[in-house]
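Here is a short briefing for a reader new to this structure. Take a look at the model first, then read on.

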Amino acid sequence: MGRAELPLHAPGTKLERGYIGRSVPRPNAKRLLQGRGAYVDDLRLPRLAHVVFYRSPHAHARIKKLQFEKSLKCEGVIGIFSGKDISQYCTPWVGVLAHLKGIKSPPQHAVAIDRACWQGEAVAAVVAETRAQAEDALGLIEVQWEELPVVMDMEASLSGKEVIHKELGDNICFARAHDTGGVDEAFARADVVVEETFEFGRHTGVCLETRSILADYNAAEHSLTVYHSTQAPHMMQDIFSRHLDIPEASVRVIARDVGGSFGIKVHVYPDEMATAALSVMLRRPVKFVADRLESFATDIHAREHKVKIRLAATRAGEILAFDLDDLTAIGPYSVYPRTSGIEGNQVVNLTGGPYKHQKYRAKLNVVFTNKNVTCQYRAVGHPIAVALTEGIVDKAAAKLGMDPAEFRRRNLIADEAYPYTFPSGVKFEKLSHHKCLNLLLEKMHYQELRQEQIQLREKNIFRGIGLAAMIEVTNPSPAFYGVGGARISAQDGATLRLEPTGMVTVMCSVTEQGQGTEGIFAQIAASAVGVSLDKVRVITGDTATTPYGGGTWASRGAGIGGEAVLQSGRALRSNMLDIAAAILQLDKNELDIADDSVVHRVTQEKKLPLEELGRVAYFRPDTLPMDFQAELTVTRHYTPRQYGFTFTNGIQASLVEVDVDTGFVKLLKHWCVEDSGTVINPMLVDEQLRGGVVQGIGAALYEECLYSPEGQLLNGNMADYLVPMAAEMPDIVCAHVETPTLQSQLGAKGVGEAGTAGAPGAVMNAINDALAPLNVRVTAMPFTPERILKALAKV
Amino acid sequence: MKAAAFAYLKPASLPEAFAALVNPHAKVLAGGQSLIPALNMRLSSPELLVDITGLPDLAGISLQAHSIKIGALTTHAQIEACELVRKHVPLLAQAVRHVAHAAIRNRGTIGGSLALADPAAEYPACAVALDSVLVIRNKATERRVKAERFFKGLFETDLKQGELLVAVEFPLAKAGDKSVFLELTRRHGDYAIVGLAAHNERMVFLGLDSKPVLLQKKTLRQTKDQLPRNPPADLYHSSATKRHLAGVLLERAWNTP
């Protein structure tokens, strides 16, 4: 093994990191800024048809009659289809996984048959020559409905008074209980017990590019090409293959540019499956692009939890135990194929995660309701677990009269304690809570801020400081989905090819969603091979050309895909040196590659430009020894297996000012210290953190999908659903501790979800800290002015 | 979200526009910042759109003997940038910064905003507070209406079939006048939860009723007592919260030097 093949985190490898750790610009940024992105809706295919969906206006209703006569006469209409029509081409699915014991959900069709279970569920599909013509026809469809009782409230659902799916017996999709034992005893001997009920609003990820799919069935080959705004092309290839009965290898999924996803685009959507089925049925390309109103009504929602949590501590400030009861509602179906049980499961796995208590008990109920479905959205379960934990920790600190930072310091797991098994059963390889806490307090000038806070309170200015320590699931192993029977790859692969001119082409199964994945793959490839960054081209998002892999989700792109690129790059470098040794008739060990050239390992003297190496290998192999074969295309795969998840840790802080007359919260500043292992591109990592923090702030202050008691979505548009906007966002200071994972050579952990995980808890604690002198607290997100005014008894 | 089919006309003169507006299913298109989304969401499907942006004489800001006259097609951005407005109509200059976002201010017009009469919009309240005059024409005549009488109800104005709002005249501010514009939005650029356009004795609230609410200035408490008992709730704010917030704004305006 040459020096360059040592793990990046091994001692003495600092100088061989190349582009790793450098803030280089993303190669695709300029193309996107010049308007040359290639999104699904940019495609123009001959004979392209457009589909729109008639969506249920009721939250729960039986379809008594569907009449298409008038709409079929509209200009441009190609066909109008019911759920039954489409079911001839697309089989239904059930969103359950074996490792979530007892999870249940009814079969779900691409277009509902007989009954709609939420407002917005598609019950008919209109295909026309243009989208406008399809919408014209949509307005003339006649439906007779028989309204059914709706179940909107989580507690009502749990009671089972009205059961949404009679055949399932009750409304409980999934339940779990976890108990280390000894919890009641810990509470009995505690000096201090605190309790709180927290509520989390249902919200959604709002992608700049809405969900989009163009399916092109080729009857001659019985093959299907799907241009899809998705995070997981291979998962979708498998699903299209199974449900449309087309051989897997005859399905090609292409995800070119994707305009944001945040977890929204990693699920199976009925209208997208229907679009693919319609392409098969009509033997022509069919496109569906969700409009903004459809996005709000049908893109997965997330969160909506009500959790009671208790904490037991000693007078000396030692946390003894956590005890929680989580109730969460997921809409009428568990979403396929990842299920809607994962978020609640994560709350059970992660609550209390940063701390060293040994007793833990958790209860979870996941119930059905007649709202849109919920599923995994950026930071799945973490924002809930972090806010619960940190909210109750602050309450305990207040009761003990202890500074919140000091209370955390006494309870965070020691940096030397790893590997460590948390009472929920999850295992941590190596975390750095204390280093992160110290760095955070230093960055934010914690003591000065506390003094300023006291001074301002005398002037009736209510400022608050909130801390939120966190752990985060990244780089998941097959334990996340594969073990439960989901055909979702935990493994990713990268193929690297040296081109004759000395350039390197990278093909990787992890996809680009706009977050810069291709940029970091170029950095890793260039560093591993020894070429300059401008010599690298990256191809992602095509099942026909990239290795098989999972795609983008669960903060896994850099840690898993990046490792595959690194290993592939190192293998290519070794193969290139074999050729160089043959050409130069030198020992391979004397050679290395640097700056686009083969060099002498010790003197760094240039021996052979890579374009010369490529020329000989491809065009004049006759000049090489008879038994020598050049291998300039290599593929390597990587699956993390030593730990179920490669946990990261970090801590955030929020500084706010609450206007106690209006209930408005002004965000003054935010800090995020994160340990995501090896940082590949500091600029991209910081922007991931900032973007994540902003989405977390959205959950804390702005975003909520509001439903009427009858099940009507009340704010499904960009004017009424409040996404956080730039003017209200504070400066977000990022800092890093780097503890590389030793499971890989690259040492990178994930970072895409960390900001979202911690921000809601930090903001909540800051608001409650600001309100503390008035002896009131808020515990239901989002913290609207009205909720704060109500807490203050002003309205 | 594709608009239903409609006919489109861009008249080059006022007579041509008035001829087209005889059609009861015609709608006037100016900046399009409210109308186009409504068309795309199929909340409105007119037969004909009469695009008035090509009409001469409907844009521009001019200093008159006793007023600043602003043509109906003047955009928010033009008002925002105008020195005359800043000097002579300071209330409007304060308010325009709260109108939506830069991209919308570049296209949206004062005439469109006044004629639409959204109860949460800034200009109607300013127009009433400043006791301004709206200039309205039909094919034959011109009439002038005080702002207080122009706004009738929710999206309802004194404009009649076949009429166009062509300009609005704001009286010139005098030395010693006090103008305060305040509004509460959760995000900059949103429609206000509640807002207050105050000019001397005239305190006009937006977002508290179906049209601007003019209070008579007395003592602070007496003025506050005039606030509507049950302002309409919105998605995020109950009636009680809106009334409370209106009271907060009133006090803040009162205490503004």
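The model is predicted. Chain A has 795 residues, with 20 helices and 29 strands.

**Overall shape**
- The radius of gyration of chain A is 28 Å, close to the 28 Å that the globule rule gives for 795 residues, so the chain is as compact as a globular protein of that length.
- Along the principal axes, the C-alpha atoms of chain A fill a box of roughly 85 × 75 × 45 Å.

**Packing and contacts**
- In chain A, 66% of the 795 residues count as buried.
- Take the contacts in chain A between residues at least 6 apart in sequence: 80% of them join residues at least 24 apart.

**Surface and charge**
- Chain A exposes about 28300 Å². Carbon and sulfur atoms supply 50% of that area.
- Chain A carries 83 positive and 93 negative charges.

**Helix α16**
- Helix α16 of chain A covers residues 557–584, which makes 28 residues.
- From first C-alpha to last, α16(A) reaches 38 Å, close to the 40 Å expected at 1.5 Å a residue.
- This helix is mostly covered: 23 of the 28 residues of α16(A) are buried.
- An α-helix has 3.6 residues a turn, so residues three or four places apart point the same way.

Definitions and conventions. Residues numbered from 1 in each chain as written. Chains lettered and ligands numbered in written order. Predicted model: local features only at pLDDT ≥ 70, side-chain atom pairs only at ≥ 80, totals over all residues. Heavy atoms only, no water. Helix = DSSP H or I, 4+ residues; strand = E, 2+ residues; numbered from the N terminus. Expected span 1.5 Å × (residues − 1). Buried < 20%, exposed > 50% of the residue type's maximum accessible area, 1.4 Å probe, protein only. Rg over C-alpha atoms; globule rule 2.2 N^0.38 Å. Contact = heavy atoms within 4.5 Å. Areas by Shrake-Rupley, 256 points an atom, 1.4 Å probe, with all protein chains shown as cover. Lys, Arg positive; Asp, Glu negative; His and termini not counted. Charge placed at Lys NZ, Arg CZ, Asp CG, Glu CD.
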